Amino acid sequence: MAEDFALSIKLLGHFEIWRHDELLDKNAWPQPKVQALLKVLLVERGQVYTHDQLIEALFDDLDPSKATVNLQRRVSELRAVLEPHLKKKTESQFILRLGQGYCFSKEADCWIDVEAFEQLATTAKSSEVYENWAEALNTYQQAIDLYQGDYLIENLYEEWSLDPRERWRNELLNVLARSADCHARLGDYENAIERCQQAISIDSYRETNYRSLMIYYWRVGEQSKVSQVYQNCSDTLEELRVQPSIETKTLFEQIQQGEVSALQQTYPISDKAAQSESSFVTPAIKSIAVLPFVNMDSELDDYDHFTDGIMEDTLTQLSKLGNLKVISRTSSMQYKNTNKSLLEIGKELGVATILEGSVRRTEKQVRVVAQLINAKTDAHIWAETFDREITDIFEIQNDVAQEIAKALKVWVSPLEEQRIKQTTTENPEAYNLFLLGRFHWDKFTKEGFEASIQYFNQAIEHDPNYALAYARLAFSYGILVEFGLLTPEEGFSKANEAVQKALEIDDALSEAHAAQGFLKMHEWNWPSAESELRTAISLNPNACIPHNLYGNLLTFMGRFDEAIAEKEIAYKFDPLHLRTNFDLGRAYFYAGQNDKAIQVYERLIEMSSSFFMAHLALGVVYLHESRYEDALKEFEKEQALPGKWNPMLDLSMAYLKHKTGDVTALQNILDYLLEKSQQEYISPTYFAFIYPLLGEHQQGMKWLKKAIEQRDALLWDYRVNPSAKEVWSDSRYTEILDKVGFSETITKKAQTP
């Protein structure tokens with residue numbers, strides 16, 4: 001078990017709990033229900049379980065009055081077991097009472113194997129992003145070693161244990177599959193095969209494991225076993241009265257016909273892994289940046305958005321390939337009209353190859369010239385010219401993506417090939433309007449989003465089945481609400497309508513699931529939001545937006561270690577994206593890593609000193625560190641920028657003055673915001689923050705409840721903002737927040753035993 005924790009708890013396999021270095025045996029528990037109560041509270045550490053939920057889980061055979069008495073006694077006994085020296089009327093550090101419910105504290109000095117397992121898996125995935133296969137494999141192995149059996153196997157038939165058991169089993173299957181892939185990339189097919197077989201023994205209905213196993217056997221030349229694996233897959237699925245998927249059938253046929261040479265780039269020739277890490281070989285070319293295409297009709301500047309659109313859609317198609325790291329458009333666009341060499345660009349973006357292109361458009365024709373260049377040697381790898389009718393423009397991006405995959409010897413699965421061939425619209429006018437909308441969307445301003453809404457709606461008028469336009473439309477409305485520039489009632493209604501339409505048209509569209517996850521965050525439906533964002537990432541592993549949004553979700557849930565890991569993945573894909581840098585800095589700040597937050601914000605300001613809220617964010621970190629003069633300088637720089645009035649800036653300035661002794665500052669900003677709220681929408685969270693500082697707690701709680709009723713987006717941000725947490729530390733505020741799922745969720749970084 002883990003050392004240096006007050007409690008160490010094992011939930012994978014048979015339950016064990018250690019108090020410091022002492023294993024608590026069965027004699028430590030007054031009765032079985034006390035231990036059962038702890039297990040229920042640990043299903044989701046930090047979640048508040050209501051009185052009724054605990055009664056239903058543990059005492060549903062008793063009448064209500066007896067059940068209540070029993071629950072109260074078991075809680076007292078549990079606290080005594082965990083903290084034998086706890087004095088009466090002293091608050092437990094582990095078992096907290098919040099409102100009418102109880103939870104196991106997220107901040108408690110405690111190590112739990114499932115949390116450590118999850119953290120190890122997240123860390124390993126980050127290593128994979130950087131192609132550190134040996135490092136990822138080592139971390140996956142630590143996670144596998146932690147998995148001593150299914151979740152609480154002695155409580156196999158308890159209803160409350162079913163969902164978490166399924167969840168952790170699925171996590172194990174994912175870890176085994178990823179571990180197998182890492183072994184294969186290092187040439188260690190023996191262990192890759194063993195991991196695949198282990199996963200199949202746990203869940204024999206997952207086709208992905210059979211496909212991987214076929215590839216590994218093919219790679220070691222055991223063709224007969226490939227056929228055997230395919231037959232086993234068919235026989236197993238026959239029990240469900242289904243056939244293997246098209247993807248599985250196609251892969252089997254390709255292997256049989258010897259048409260999978262591209263796999264040799266992903267999986268090395270060696271049949272055994274080298275014994276030392278220094279001999280491990282990773283693929284040399286598996287990363288790419290698509291630079292802005294050149295508009296060859298320079299006198300027609302109106303075509304710039306069209307040229308940029310061709311470039312972005314080519315990039316989007318490439319990003320659907322799971323075996324290729326693709327730098328996001330926003331970072332690539334920083335090199336438009338640059339004088340830097342390809343060698344410099346490749347080094348700055350961390351890629352091995354660069355795609356350049358040019359576009360010439362006439363009324364009826366379009367020509368795209370593309371060339372792929374080795375960013376380390378400046379040597380040409382591939383080049384081609386594509387001539388199409390303007391009505392066939394959508395074929396170009398698909399053709400370029402497939403040709404590049406061939407040139408780089410990146411294996412394209414049948415499913416990925418199918419996704420590449422899919423077009424979001426076949427209407428040229430709708431496409432052109434969408435490109436204009438995306439052009440304004442990228443400005444990331446109030447005016448930009450408002451213009452994008454107009455263009456996306458016009459695109460939809462030309463093509464009512466344009467799923468991507470609906471997805472971006474949903475984002476536009478949602479972001480305006482998030483910035484407090486549109487009322488939640490109006491913005492979310494329109495956003496939800498748009499995203500539902502997008503999913504109805506194309507359920508496999510990554511952007512649609514990302515938008516749905518974004519909106520579910522605003523509904524405070526964290527499990528659904530997490531599921532949608534993970535789906536978006538799986539559909540487009542290289543897309544920055546889903547990774548960034550998922551990092552935001554983890555930040556607002558207080559899962560800071562995971563959030564930072566996800567944010568760093570987003571940063572890896574899009575290192576020059578201003579919003580990605582901004583959100584990475586916020587994650588560091590909320591996690592208490594102020595030095596890193598300052599470093600990120602300073603880098604962001606270097607990149608764009610006029611970026612919305614960059615100076616404000618840096619000033620807030622300085623304010624929290626009591627560096628008041630530095631904070632004031634940053635706030636004044638933010639004030640000097642042109643643009644719409646920002647209430648968050650005025651409030652931060654007033655809070656700074658309050659901290660430095662100005663007794664009138666907060667009252668002045670309060671009066672001003674109340675007056676402004678008569679003419680326009682002002683976030684109720686601002687008032688919930690100000691009133692407690694003035695000692696008016698009844699008003700503070702009133703506005704906090706109003707923010708909850710309106711699902712105010714700023715509330716999630718303020719809930720984990722270190723400054724707001726100080727203001728709302730009073731139990732009267734935390735009880736209100738806890739009732740709607742805002743129980744404290746700050747996670748102590750998982751450690752291995």
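**Close-ups of a predicted model: salt bridges and a helix**

Counting a side-chain nitrogen of Lys or Arg within 4 Å of a carboxyl oxygen of Asp or Glu as a salt bridge, we get 33 salt bridges. Keep in mind that this is a predicted model, where local features need pLDDT of at least 70, side-chain atom pairs count only at pLDDT 80 or more, and totals for chains, interfaces and linings use all residues. Residues are numbered from 1 along each chain as its sequence is written, and side-chain values use heavy atoms, leaving out hydrogens and water.

**View 1. Glu-118 and its partner Arg-167.** Their closest N and O atoms sit 2.5 Å apart. Glu-118 belongs to helix α4 (residues 113-129) and Arg-167 to helix α6, so the pair ties together parts 49 residues apart in sequence. Helices here are DSSP runs (H or I, at least four residues), numbered from the N terminus. Glu-118 is buried at 10% relative accessible area, while Arg-167, at 32%, is partly exposed; buried means under 20%, exposed over 50%, partly exposed in between (1.4 Å probe, protein chains only).

**View 2. Arg-559 also bridges to Glu-118.** Here the closest N and O atoms are 4.0 Å apart. Arg-559 is in the loop between α23 (544-556) and α24 (560-573), 441 residues from Glu-118. Both residues are buried.

**View 3. Arg-534 meets Glu-530.** The N to O distance is 3.4 Å. The two are four residues apart in helix α22 (residues 526-539), so about one helical turn separates them. Glu-530 is buried at 12%. Salt bridges with shared partners join a network that includes Glu-118, Arg-167, Glu-530, Arg-534 and Arg-559.
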